[in-house]
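Student: I'd like a close look at one part of this model, please. Start with the backbone and then take me through the surroundings of the ligands, with the cut-offs as you go.

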Amino acid sequence: TKALSIRNLRKVYAQDIVALKGIDLDVEEGDFFALLGPNGAGKSTTIGISSSLVNKTSGEVRIFDCDLDTQKSQAKTFIGLVPQEFNFNQFEPVEEVLINQAGYYGIDRSKARVRAERYLKQLGLWEKRRQMARNLSGGQKRRLMIARALVHEPRLLILDEPTAGVDIEIRRSMWAFLREINAQGTTIILTTHYLEEAENLCRNIAIIDHGEIVENTSMKQLLAKM
Ligand code: ADP
Ligand code: ADP
C-alpha cells in the first residue's frame with residue numbers, strides 16, 4: 001500500500017507563480033520519508049495539498065488509496081499534519097488543546113484524555129498539562145503541535161520543518177520520539193532544508209527544486225553518491 005501517491009501535480013498560485021510543475025511522488029506505508037529542498041522549492045505546497053489545506057491546480061493525489069477529490073473526508077482522517085506555525089488556541093490549557101482536537105474527529109472525552117496523557121508523557125509535556133498553551137516555550141509548543149496531530153491516531157504523520165528553531169537537545173528528543181512512532185507503524189513524511197535531519201531519520205528521500213523533483217532515492221544511495 002502507498003501512504004501517499006502523487007501524479008502530475010501542478011500548482012499555480014495567483015500572479016502566475018508556478019510552485020509545482022507536475023510532480024510525481026510515492027511514499028510507501030511504513031516509510032520515514034524526507035522531502036528536501038531549498039526555501040521556495042515547493043515543499044510546503046506539496047504537503048499542503050496532500051493534507052487538503054491548499055487546492056491543487058491539476059493532477060491526482062491519493063492517501064492510502066483514497067482520492068483527495070472524491071474521498072476527501074476519509075483521506076483527512078488518515079493524516080496528521082504539523083504545520084510550521086503554531087495554530088492551536090493559545091488561551092486553552094495544554095491538555096484541552098488535545099482533547100478539543102480529538103473532539104473534531106468524534107473521539108469522546110474519556111478516550112481523548114487517555115490519548116492526551118500518553119502523548120503528553122511521551123513528549124515531556126505532562127507536567128505542563130494545566131498550563132495555558134501560550135505560556136509554553138517554543139520547543140514545548142512545537143511538541144504540543146506534534147501531540148495534537150497524533151491524537152486521532154493518523155496512519156500518516158506529515159511535519160513541515162519540525163525542528164526549525166529548536167535547540168539541539170530538544171531536537172534529539174523529538175527525533176527519538178518520531179523514530180519510535182514510526183517503528184510502531186506510523187508512516188512519516190517531513191520536509192526539511194537540513195540534510196542532517198533527513199540523514200538521521202529518513203529511509204527514503206525526494207529532493208525538490210523550483211517545483212520539480214530532481215532526485216528520488218533511498219537515503220543510503222544518496223549518501224553513497226556524495
Ligand atoms: P518551500 O516550502 O519549499 O519553501 P513553498 O511551497 O512554500 O516552498 O513555495 C513554493 C513557491 O510558491 C514559492 O515561490 C513561494 O513564494 C510560492 N508560494 C507559496 N505560497 C504562496 C501563496 N500563498 N501565494 C503565492 N505564492 C506562494
Ligand atoms: P526549549 O524551549 O529550549 O525548546 P523546553 O523548555 O521545551 O526547551 O525543554 C524542557 C525540557 O524538556 C528539557 O529539559 C528537555 O530535555 C525535555 N524534553 C524535551 N523533549 C522531550 C521528550 N520528548 N521527552 C521528554 N523530555 C523532553
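Tutor: Let's begin with N8, which is placed in strand β1 (residues 2–13); helices (H or I, at least four residues) and strands (E, at least two) are DSSP runs numbered from the N terminus. This is a predicted model, in which local features need pLDDT of at least 70 and side-chain atom pairs count only at pLDDT 80 or more, while totals for chains, interfaces and linings use all residues. Residues are numbered from 1 along each chain as its sequence is written, chains are lettered from A and ligands numbered from 1 in the order in which they are written, and side-chain values use heavy atoms, with hydrogens and water left out.

Although N8 is not a glycine, its phi is positive, at about 45°. Most residues other than glycine have a negative phi. E153 is also a non-glycine residue with a positive phi, of about 50°, and it is found in the loop between α5 and β7 (156–160).

That brings us to α5 and its partner α6. Their axes come within 11 Å and cross at roughly 10°; the axes are lines fitted to C-alpha atoms over the stretch in contact, with angles running from 0 to 180 degrees between N-to-C directions. On the α5 side the contact (heavy atoms within 4.5 Å) is made by R142, R143, I146 and L150, and on the α6 side by I170, M174, F177 and I181. By class, six of these residues are nonpolar, none is polar and two are charged. Here Ala, Val, Leu, Ile, Met, Phe, Trp, Tyr, Cys and Pro count as nonpolar, Asp, Glu, Lys and Arg as charged, and the others, Gly among them, as polar.

Now for ligand 2. Its shell (residues with a heavy atom within 4 Å) consists of Q122, L123, G124, S137, G139, Q140, R143, D167, E169, I170 and S173. Polar contacts are pairs of N or O atoms within 3.5 Å; within protein, one must be able to donate a hydrogen and the other to accept it, and residues adjacent in sequence count only if both atoms are side-chain atoms. An N or O atom in the R143 side chain lies 2.4 Å from an oxygen of ligand 2, the Q140 side chain has such an atom 3.3 Å from a ligand 2 oxygen, and the S173 side chain places one 2.7 Å from a nitrogen of ligand 2. Alone, ligand 2 exposes 570 Å², and the protein buries 62% of that (Shrake-Rupley areas, 1.4 Å probe; for residues, only the protein chains shown count as cover). The elements giving two or more residues to this shell are α5 (138–150) and α6 (168–183). Two of the shell residues are nonpolar, six polar and three charged.

Finally, ligand 1 has around it Y13, I17, A19, P38, N39, G40, A41, G42, K43, S44 and T45. Its oxygen atoms meet the backbone: G40 has an N or O atom at 2.7 Å, A41 a polar atom at 3.1 Å and S44 one at 2.7 Å. The protein buries 61% of the 560 Å² that ligand 1 exposes when taken alone. β2 (17–28) and α1 (43–50) each supply at least two shell residues, and α1 gives the most, with three.
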